[in-house]
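Reader: I've got a model open on my screen and I'd like to go through its packing with you. Can we take it one question at a time?

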Amino acid sequence: MSRVGRAPIELPKGIEINVSKGNLVTVKGPKGQLQQQIDPDLTLEIGDGSLEVKRPTDQKRHREVHGLYRALINNMVQGVSTGYVKEMEIFGVGFRAANNGQWLELTLGYSHPILFRIPQEIKVETRQDKGQNPIIKLECIDKELLGQVCAKIRGFRKPEPYKGKGIRFVGEAIRRKAGKTSGKK
């Protein structure tokens, strides 16, 4: 049996979960509301401050989706109660980041600046302290959307392995390679 799927989801105070026909799960909390359509074969049992996802049989398809939907519902519960925060750091001489509302302007060594529209559900903040690398801080209640936007921003200039220039997550270790060495004759 799936270890992830069988673990109960702890529900913090102030979280409401509704399951409508067709297994549309709605989670409401202090930070907002999220919805997720789950497999119609799975059932949700709400108990004393916890929620369990049950599967009807041990068929391969049911085993495949059991842990997945339990993890998605758990991410929704965490999102509406505490939210998610990702910080990205820009390494490189002359690389900058600035935001104007939901527009993120990145200067990453190309011939032109990159303008990227951040979805309304995400709060964006940029800061540049003197002598420090620019930081992009993203906050959202939807973990999936936040991850997609972070991947898109990182894709504009991935960290390269020789000097480490590019966009990376704060605290991320980049695998470095040795550069060319001059040979003696």
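This is a predicted model: local features need pLDDT of at least 70, side-chain atom pairs count only at pLDDT 80 or more; totals for chains, interfaces and linings use all residues.

Reader: How are the rings of Phe-116 and Phe-156 arranged, stacked or edge-to-face?

Author: Two numbers settle this, since a pair of aromatic rings is described by the distance of the centres and the angle of the planes. The count comes to 1 aromatic pair. The centres of Phe-116 and Phe-156 are 5.5 Å apart and the planes stand at 70°, so the pair is edge-to-face.

Reader: How many residues apart in sequence are the parts that this pair ties together?

Author: Phe-116 sits in strand β10, residues 114–117. Phe-156 is in the loop between α3 (143–155) and β13 (166–169), so the parts tied together by the pair are apart in sequence by 40 residues.

Reader: Which ring does Arg-157 lie over?

Author: There are two cases of a charge over a ring to look at here. Lys-86 lies over the face of Phe-169, at 5.2 Å from the ring centre. For Arg-157 the distance to the ring centre is 4.4 Å, and the ring is that of Tyr-110.

Reader: Which element gives the largest share of the largest nonpolar core?

Author: That core has 23 residues, and Leu-106, Ile-136, Leu-138 and Ile-153 touch the most other members. At least two residues each come from β7 (84–91), β9 (103–107), β10, β12 (135–140) and α3. The largest share is 5 residues, and it comes from α3.

Reader: And how many residues are in the other core?

Author: First a word on Leu-106: leaving out residues up to four places away in sequence, Leu-106 touches a set of residues including Ile-90, Pro-113, Ile-136, Ile-153 and Phe-156. Apart from the core described above lies another one, with Val-27, Ile-38, Leu-42 and Leu-51 among its members, and its size is 19 residues.

Reader: How far from Cys-140 is the nearest cysteine sulfur?

Author: The count of disulfides comes to 0. A disulfide needs sulfur atoms within 2.5 Å. Cys-140 is in no disulfide, and the nearest cysteine sulfur, that of Cys-150, is away by 9.5 Å.

Reader: Is Cys-150 buried or exposed?

Author: The cut-off for buried is under 20% relative accessible area. Cys-140 has 6% relative accessibility and counts as buried. Cys-150 comes in at 1%, so Cys-150 is buried.

Reader: Where does Asn-23 lie?

Author: Asn-23 has a positive phi of about 60° although it is not a glycine. At 13% relative accessibility, Asn-23 counts as buried. Its place is the loop between β2 (16–20) and β3 (24–29).

Reader: Which residue stands opposite Glu-87 in β12?

Author: Strand β7 pairs in the antiparallel sense with β12 over 6 bridges, and with β13 over 4 bridges, also antiparallel. In β13, Phe-91 has Gly-166 as its bridge partner. In β12, opposite Glu-87, stands Lys-137.

Technical notes. Residues are numbered from 1 along each chain as its sequence is written. Side-chain values use heavy atoms; hydrogens and water are left out. Rings of Phe, Tyr and Trp (its six-membered ring) pair if their centres lie within 6.5 Å; planes under 30 degrees apart count as stacked, over 60 as edge-to-face and the rest as tilted. A charge sits over a ring if NZ of Lys or CZ of Arg is within 6 Å of the ring centre and within 35 degrees of the ring normal. A nonpolar core is a set of buried Ala, Val, Leu, Ile, Met, Phe, Trp, Tyr and Cys residues joined through side-chain atoms within 4.5 Å. Buried means under 20% relative accessible area, exposed over 50%, partly exposed in between (1.4 Å probe, protein chains only). Contact means heavy atoms within 4.5 Å. Two strands pair if DSSP finds at least two bridges between them.
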